[in-house]
Amino acid sequence: MDIKNFINNEEQIPLSGFWLDNYEPASGTIYGEIPNSNEDDVEKAYQAAKAAFPSWSNTSIDERSKIMLRIADLIEENLGALAAAESRDNGKPVWLAQAVDIPRASSNFRFYGHAITQYATKAHESVGKNTMNYTIRKPIGVVGCISPWNLPLYLFTWKIAPAIAAGNCVVAKPSEVTPATAYLLGEIVEKAGLPAGVLNIVHGNGASCGQAIVAHPDIKAISFTGGTTTGAHIARTAAPMFKKLSLELGGKNPNLIFADCDYDKMLDTTVRSSFANQGQICLCGSRIFVQQEIYERFKTDFVDRVKNLRVGHPDQSSTKVGAVVSAGHREKIEEYLAFAKAEPENYRILTGGNRVIVKEYEKGYYLEPTVIEVSSNDCKLNQEEIFGPVVTIMPFTDEAHALELANGTKYGLSATLWTNDLSRTMRMTQEIEAGIVWVNTWLNRDLRTPFGGVKDSGVGREGGFEALDFFTEPKNVCIEY
Ligand code: NDP
């Protein structure tokens with residue numbers, strides 16, 4: 001697939017003429033090229049967005065909504081092609097892209113297509129002072145959206161949909177590692193009637209293309225999802241220009257399992273929350289803590305289940321674990337595995353820990369799903385984000401201990417709690433330091449709720465009306481009569 005930038009509703013090659021190889025993780029081979037865009041391409045995209053803004057920001061809400069709903073329909077109509085493209089880029093099983101990533105991308109447009117028609121502002125009458133205050137919310141102008149490779153179209157559209165619904169024009173960059181679905185989105189939005197310049201997609205490296213978006217003096221807001229270190233760098237670049245920032249960053253999420261939980265449901269879900277998408281979901285429960293009473297039982301059952309997860313080519317429906325996203329990322333995960341192997345007194349590998357060679361795809365980036373028993377939460381593997389098919393487990397004694405372990409990290413993205421004790425649920429959900437706590441479930445999403453992390457997992461919220469708040473600026477009008 002030859003990928004091009006999408007600027008002003010036209011396919012454009014990079015102005016520098018430089019390209020990057022696009023790898024297929026399942027086979028470890030190059031299957032296309034993508035533009036290696038730089039600040040000149042970003043400037044071109046910015047100019048297109050700027051030119052489109054006066055008209056788009058004054059387009060009626062009904063019309064904007066109609067176009068967004070058409071985009072949602074077209075994503076659904078192209079489910080098969082989009083899922084295949086996403087799987088090819090990312091290494092995830094096709095069935096997963098079909099069941100989760102692409103439908104959720106469509107819901108992002110559908111939700112914000114509807115939400116913008118319900119978005120309202122408030123008026124405050126100052127009784128006795130003959131004064132009326134009301135708030136207008138104006139789109140910001142040209143905004144930047146930058147997303148990672150793990151859930152490519154899903155996270156890309158989660159930013160773009162509220163931005164354009166609110167009347168902004170966008171310069172967006174998907175991860176250079178997974179550009180294909182963003183490229184296909186360009187065709188879709190054009191077909192749906194989105195005017196030229198409203199959405200501009202530039203492909204390329206984070207350090208050049210992404211940085212040019214963040215550093216552009218007239219791109220006034222940045223919505224970014226990615227690693228914590230990158231997020232800190234973006235904040236340093238954007239802060240002196242007083243840009244609005246939403247940063248959705250890394251996680252090291254605890255999965256707290258109490259003896260009184262619904263055991264079978266917990267076990268099924270924990271296998272999923274550990275290894276879905278090869279463990280490359282920012283919300284995966286990578287630190288599993290189990291109450292002492294059921295620790296040995298859980299350990300045996302969980303390891304049995306993990307040993308039976310089939311690692312294979314993403315096209316096969318029996319594949320549960322596909323390829324990790326890149327050779328470089330596999331090496332990073334393997335560094336953690338080597339570290340664990342070198343310290344057997346602190347890390348006991350219960351299953352996994354090695355590469356998998358998939359027949360006919362020997363160069364693909366496959367890894368065994370891995371479970372490591374740790375003796376302390378302070379260890380490297382419990383403190384650093386691995387972002388792969390690797391989870392740690394350790395026991396806890398009581399609620400206070402569970403809480404101490406859960407909060408004992410710099411991250412605070414999500415947590416999962418397994419218990420049937422209502423009082424415990426109420427107590428612990430108050431105390432766990434995370435942007436979302438799932439109780440007896442995982443990855444359940446209601447788009448009306450705000451989403452985001454605390455501590456080093458980021459600032460700002462996506463989802464719900466909060467995202468429309470982010471992509472608009474409030475102006476108060478105060479009238480004395
Ligand atoms: P990165 O931070 O490396 O990259 C994210 C995006 O930012 C990519 O498009 C990247 O481009 C771009 N980028 C890199 N450097 C810069 C820069 N200086 N200026 C602007 N843009 C830049 O993250 P990954 O892609 O590796 O994604 C994995 C990370 O994302 C994990 O830490 C994960 O936890 C986090 N994540 C967080 C989520 C959340 O909701 N909180 C959800 C999903 C993932 P390029 O790819 O070309 O480098």
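Quick definition before I start: when I say helix, I mean a DSSP run of H or I with at least four residues, and helices are numbered from the N terminus. And keep in mind that this is a predicted model.

With that, helix 7 is the top contributor to the shell around the ligand, giving 4 residues.

The shell has 32 residues in total, and the ones that come nearest to the ligand are Glu176, Thr230, Leu249, Cys282 and Glu385. By class, we get 13 nonpolar, 15 polar and 4 charged residues around the ligand.

Ser147 comes in through its backbone, with an N or O atom 2.8 Å from an oxygen of the ligand. Gly206 also uses a backbone N or O atom, and that one lies 2.9 Å from a ligand oxygen. As for cover, the ligand on its own has 900 Å² of accessible area, and the protein covers 88% of that.

Where does the ligand sit? In the largest pocket. That pocket holds about 920 Å³ of space. It's lined by 45 residues, and closest to the centre are Pro148, Trp149, Gly226, Gly227 and Thr230.

The elements giving two or more residues to the pocket lining are helix 5 (152–165), helix 7, strand 10, helix 8 and helix 11 (327–342). Sorted by class, the lining comes to 20 nonpolar, 17 polar and 8 charged residues.

The largest cavity has a volume of about 100 Å³. Its lining is 14 residues, with Gly251, Gly279, Cys284, Ser286 and Phe387 closest to the centre. Those lining residues split into 6 nonpolar, 6 polar and 2 charged.

That's what I had, so over to you for questions.

Notes:
Residues are numbered from 1 along each chain as its sequence is written. This is a predicted model: local features need pLDDT of at least 70, side-chain atom pairs count only at pLDDT 80 or more; totals for chains, interfaces and linings use all residues. Side-chain values use heavy atoms; hydrogens and water are left out. A residue is near a molecule or strand if one of its heavy atoms lies within 4 Å of it. A polar contact is a pair of N or O atoms within 3.5 Å; within protein, one must be able to donate a hydrogen and the other to accept it, and residues adjacent in sequence count only if both atoms are side-chain atoms. Accessible areas come from the Shrake-Rupley method with a 1.4 Å probe; for residues, only the protein chains shown count as cover. On a 1 Å grid over the protein atoms alone, a cavity is a set of points where a 1.4 Å probe fits but cannot get out, and a pocket is an open set with protein on both sides within 12 Å along at least five of seven lines; lining residues have an atom within 4 Å of a point. A molecule sits in a cavity or pocket if more than half of its atoms lie within 2 Å of its grid points. Ala, Val, Leu, Ile, Met, Phe, Trp, Tyr, Cys and Pro count as nonpolar, Asp, Glu, Lys and Arg as charged, and the others, Gly among them, as polar. Grid points are joined across faces, edges and corners, and a volume is the space filled by probe spheres set on the points.
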